[in-house]
Amino acid sequence: MKIPISSIIMLLFLAVIGTFSCRKNLQAQDAESGCNFYYWKTIFNFDEQDQHLADSLKTKKLYLRYFDVDWSPSREMAIPKGVVQFGDSWWGSEQYLNNLQLVPVVYITNRVFESGYDLDSLVAKTARKTEELTEYLERQLTLKYQHPEDRVELYLNNWSEQDSLQKLEISRFRERMTEVQIDCDWTQSTRDVYFLFLKKLQARFPNFNITCTVRLHQYRDRDMAGIPPVSRATLMCYNVDKLSDFEATDAIYDPKLVSGYLKNKAYPIPLEAALPLFSWGALFHEDQFKGIASQTGTVQCEDNPLFTSLGNGRYRFTQDTVFAGIYMRTGDVLRADEASQVELEELARWLGQRSEVYSLSFFEWNDHTKNYNIDAIYQQFLAGK
């Protein structure tokens with residue numbers, strides 16, 4: 001039977017509308033279900049207090065930095081650095097992660113891809129190290145089932161029941177490990193090799209969704225930077241200016257600079273936008289950069305006898321002192337770089353109006369998180385949708 005052309009057109013139209021509608025619905029569900037956080041500490045501890053905070057913020061996903069990969073000129077090879085360690089309080093803390101989706105994140109320096117290092121070897125080593133750490137997490141999550149003395153405490157009748165519960169725990173853990181993210185500030189010259197690395201890694205991890213990060217300059221200059229071959233990515237809405245530049249207004253977040261980066265048309269793949277919840281103090285002597293004081297913002301500088309305010313987030317030292325391990329003299333300047341609550345709410349609302357941005361995440365999970373009203377920021381994002 002010959003189908004009328006008008007019917008075919010209508011079916012195609014409905015299919016397109018249905019696909020678009022499903023994508024919008026999925027994005028809406030993802031947005032309404034809660035926000036995500038990056039855990040970027042070298043030592044991983046997640047205790048009951050962290051769980052309470054995560055629950056109150058409706059956190060659903062924790063991007064856990066596994067390790068960095070950098071180029072070693074002396075060894076002429078790519079090597080892992082800063083591999084995440086599990087702190088003393090990790091014992092027993094696995095119970096607080098049961099409701100969170102964990103996403104391993106691997107940061108790879110751009111010079112690894114500039115080196116000409118064998119790509120298949122890099123993929124294999126990255127995958128193997130990621131698998132090792134994931135298997136370690138598995139063992140920790142099921143530790144209570146692995147010791148004979150715990151069998152009585154768990155009131156289990158036999159080892160078979162013990163093994164069944166252990167397998168169930170591992171299965172639940174694996175269900176929450178569906179994504180691996182690669183973080184790299186690639187350039188035009190390394191674009192092709194980096195994109196090939198992402199494709200090869202996806203082939204190596206067929207059961208995981210390989211995602212990546214996108215810097216603001218890569219979002220803006222996409223003709224040169226290219227579009228990564230992933231199903232979705234995270235747009236990093238911070239670190240907008242040079243830290244060591246004395247004339248910079250705020251190296252972490254400057255609304256004018258960010259708006260300039262984001263003027264481009266919609267990005268061709270779905271994006272989660274990462275907002276900054278961290279601060280630092282950039283230290284200067286006679287306008288020359290001397291170093292950085294981490295987790296130092298206006299809260300630490302206001303009403304502090306060490307400083308007198310110069311306005312616009314700048315503070316002058318009132319005495320000679322050692323600050324953050326750096327000797328500072330009277331008259332030296334600290335620039336407190338951080339995004340304010342109001343600035344983040346405005347950015348969130350604007351991002352909510354972008355069709356490609358389907359959710360928010362925050363960088364990073366630390367004590368500074370409590371200085372912000374996360375819910376208010378997220379509500380502004382939803383209001384923009």
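Mentor: Start with alanine 266, in the loop between α10 and β10 (271–276). Keep in mind that this is a predicted model.

Trainee: Why is alanine 266 called partly exposed?

Mentor: Its relative accessible area is 36%. Buried means under 20% and exposed means over 50%, with partly exposed in between. Alanine 266 therefore counts as partly exposed.

Trainee: Now the salt bridges. How many does the structure hold?

Mentor: The structure holds 13 salt bridges.

Trainee: What makes aspartate 68 and arginine 65 a salt bridge?

Mentor: The closest N and O atoms are 3.3 Å apart. The cut-off is a Lys or Arg side-chain nitrogen within 4 Å of an Asp or Glu carboxyl oxygen. The pair of aspartate 68 and arginine 65 therefore qualifies.

Trainee: Are these two partners buried or partly exposed?

Mentor: One of each. Aspartate 68 has a relative accessible area of 21%, so it is partly exposed. Arginine 65 has 4%, so it counts as buried.

Trainee: How do you know that lysine 81 and aspartate 70 meet in a salt bridge?

Mentor: The N to O distance is 3.6 Å. The limit is 4 Å, so the pair passes.

Trainee: Which parts does that pair tie together?

Mentor: Lysine 81 lies in strand β4 (residues 77–81) and aspartate 70 in strand β3 (residues 61–72). The pair therefore ties together parts that are 11 residues apart in sequence.

Trainee: Why is aspartate 70 called buried?

Mentor: Its relative accessible area is 11%. Lysine 81, at 37%, counts as partly exposed.

Trainee: What makes aspartate 120 and lysine 200 a salt bridge?

Mentor: Their closest N and O atoms are 3.0 Å apart. That is within 4 Å, so the label holds. The pair links distant parts of the chain, 80 residues apart. Aspartate 120 is in helix α4 (residues 119–141) and lysine 200 in helix α7 (residues 191–204).

Trainee: Why are both called partly exposed?

Mentor: Aspartate 120 has 46% relative accessibility, and lysine 200 has 29%. Both values fall between 20% and 50%, so both count as partly exposed.

Trainee: What joins Lys61, Glu179 and Arg232 into one network?

Mentor: Salt bridges that share partners join them.

Trainee: Why is cysteine 184 called buried?

Mentor: Its relative accessibility is 0%, and buried means under 20%, so cysteine 184 counts as buried. Cysteine 237 is also at 0%, and is buried.

Trainee: Which residues form the negative surface patch?

Mentor: Asp241, Asp245, Glu247, Glu286 and Asp287. Glutamate 247 sits in the loop between β9 (233–236) and α10 (255–261).

Trainee: Why is glutamate 247 called exposed?

Mentor: Its relative accessible area is 62%.

Trainee: What is phi of asparagine 312?

Mentor: Phi is about 55 degrees, positive although asparagine 312 is not a glycine. Asparagine 312 lies in the loop between β13 (307–311) and β14 (314–317). Its relative accessibility is 73%, over the 50% cut-off, so asparagine 312 counts as exposed.

Trainee: Where is the cis peptide bond?

Mentor: The bond joins phenylalanine 363 and glutamate 364, with omega about 10 degrees. Glutamate 364 lies in the loop between β18 (357–363) and α13 (374–384).

Conventions. Residues numbered from 1 in each chain as written. Predicted model: local features only at pLDDT ≥ 70, side-chain atom pairs only at ≥ 80, totals over all residues. Heavy atoms only, no water. Patch = residues over 30% accessible without salt bridge, like charges linked within 9 Å, V, L, I, M, F, W, Y side chains within 5 Å. Areas by Shrake-Rupley, 256 points an atom, 1.4 Å probe, with all protein chains shown as cover. Lys, Arg positive; Asp, Glu negative; His and termini not counted. Charge placed at Lys NZ, Arg CZ, Asp CG, Glu CD. Helix = DSSP H or I, 4+ residues; strand = E, 2+ residues; numbered from the N terminus. Buried < 20%, exposed > 50% of the residue type's maximum accessible area, 1.4 Å probe, protein only.
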